[in-house]
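This briefing is for a reader who is new to the structure. Please keep the sequence and the 3D view open while reading.

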Amino acid sequence: MQSTRYNGVIWMRQCVLHARRTYSVSANVTSAGNNTKGEHLPPTTPTKSLEKMRGWQLHSYGDIDELLLSEKLKIPQIRSSNECLVRVRTTAVNPIDLAMLRGYGATVLNKLRCQPGDDIEFPLTLGREFCGELVQKGMGVTSHSLKLGARVWGVVPVHASPGAHAEYVAVPSYCLAPAPKQLDDSEAASVLYAGLTAWSGLYISGGLGGPCGATTAAGGGAHKRILVLGGSGGVGTLAIQILKSQGAQVLATCSENAVEMVRCLGADFVVDYKSSDAMDELCKFAPYDIVLDCAGHGGAHASELKFDFRQYITFSSPLLANIDQQGLGLGAIKNMVDLVQTNVKSLTQRGGMVKWGFFNPAPHGIAFLEQLVRQRKLIPLIDSTFSFEEMPKAFERMKCGHLRGKIVVKL
């Protein structure tokens, strides 16, 4: 039995590696300071002679040309006892970065970001995840696993700035953990944001593992039937692997040229979303316990489906966009109206509820993903790799869409 399981893991690893070679448009940029496969460098605590860093800043909302590289940014300061300072080795570009570049969520996020009495919105540094080296930590950080010089992976809360598109980033210790030795720096910077988004949608919004699934690293979901819309993107590829590791039956949609890759990730049935005949085949497996929208369709798409489901969870909620457009008061009312309307249609036509899923930097979510990585049940796919100086090109790749995994940037 163990031999069969081991051979299955090896087969999956080979499939993922083959998928990378086949579908990657990697720029194959090397970084002289990059450290891979868990080799620890001596701590490089900033000194007075190293108080400046490079970072990409945003001085106004707009398109990619608003991104500016600065050589003389101040290194972030630890402002509370539970914060840690990390020297970033690799980071990633996510859809939320492109959306925030255009001003998405500015009304709410700026209020959360600014200190009392401080209305300064710019400059902003984007970037939600990273792999790097722990160089400083607050007096309240008591975790024995977070040692100076340790190779760590982590996430930056959505409202926090500066983000990880810089040489240093400061984050709360609960957003940080030792990076798994099974992943190199690029892979380690490709897991947490998308992985925690998928985990939160399934286990917190969807209640897949019951109360334990939402509050611990227990996971769950055996024998459930899940349909993943958009199985070839950053969130979709990780969601499929998470679900298969828990014994769920997984079906997925993607474009025709990604079908084989998604199948290699473990999906039991994969269809081309552009083929109406292929999409009709999904009706044979209904009803679904969860339809997970990783393709950006939104809640209104739920009532348009031709098959029944119990829950439809989308990561494209109108929550922040409504507030951006109509303000806090009217935006909140619009959100409630939208949610009620989509659920009325969904319940009457498809028999299931529509829910919104969100990224959640929960420590037990990080622990869950780390456990799957150690067991070789979760392997991130990398769509493309860029150097730090090529950050705008990384955003251009994100803007083009049709990704096959994550976009990585090496420092």
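Predicted model: local features only at pLDDT ≥ 70, side-chain atom pairs only at ≥ 80, totals over all residues.

Residues are numbered from 1 along each chain as its sequence is written, and side-chain values use heavy atoms, with hydrogens and water left out.

**Largest pocket**

- The largest pocket has a volume of about 1500 Å³.
- Of its 50 lining residues, Pro95, Cys294, Ala295, Gly296 and Ser316 are the closest to the centre.
- A pocket here is an open set of points on a 1 Å grid over the protein atoms alone, where a 1.4 Å probe fits, with protein on both sides within 12 Å along at least five of seven lines; lining residues have an atom within 4 Å of a point.
- Grid points are joined across faces, edges and corners, and the volume is the space filled by probe spheres set on them.
- Helix 2 gives the most to this lining, with four residues.
- Helices (H or I, at least four residues) are DSSP runs numbered from the N terminus, as are strands (E, at least two).
- Domain 1 (52–190 + 380–410) and domain 2 (194–356) both contribute to the lining, so the largest pocket lies between them; the domain bounds come from an automatic or database domain assignment.

**Helix 5 and helix 7**

- The axes of helix 5 and helix 7 are 8 Å apart, and the two helices pack at an angle of about 55 degrees.
- Axes are lines fitted to C-alpha atoms, for helices over the stretch in contact, and angles run from 0 to 180 degrees between N-to-C directions.

**Backbone features**

- Ala286 and Pro287 are joined by a cis peptide bond, with omega about 5 degrees.
- Pro287 sits in the loop between helix 9 (276–280) and strand 11 (290–293).
- His223 is not a glycine, yet has a positive phi of about 70 degrees.
- The loop between helix 6 (210–215) and strand 8 (225–229) holds His223.
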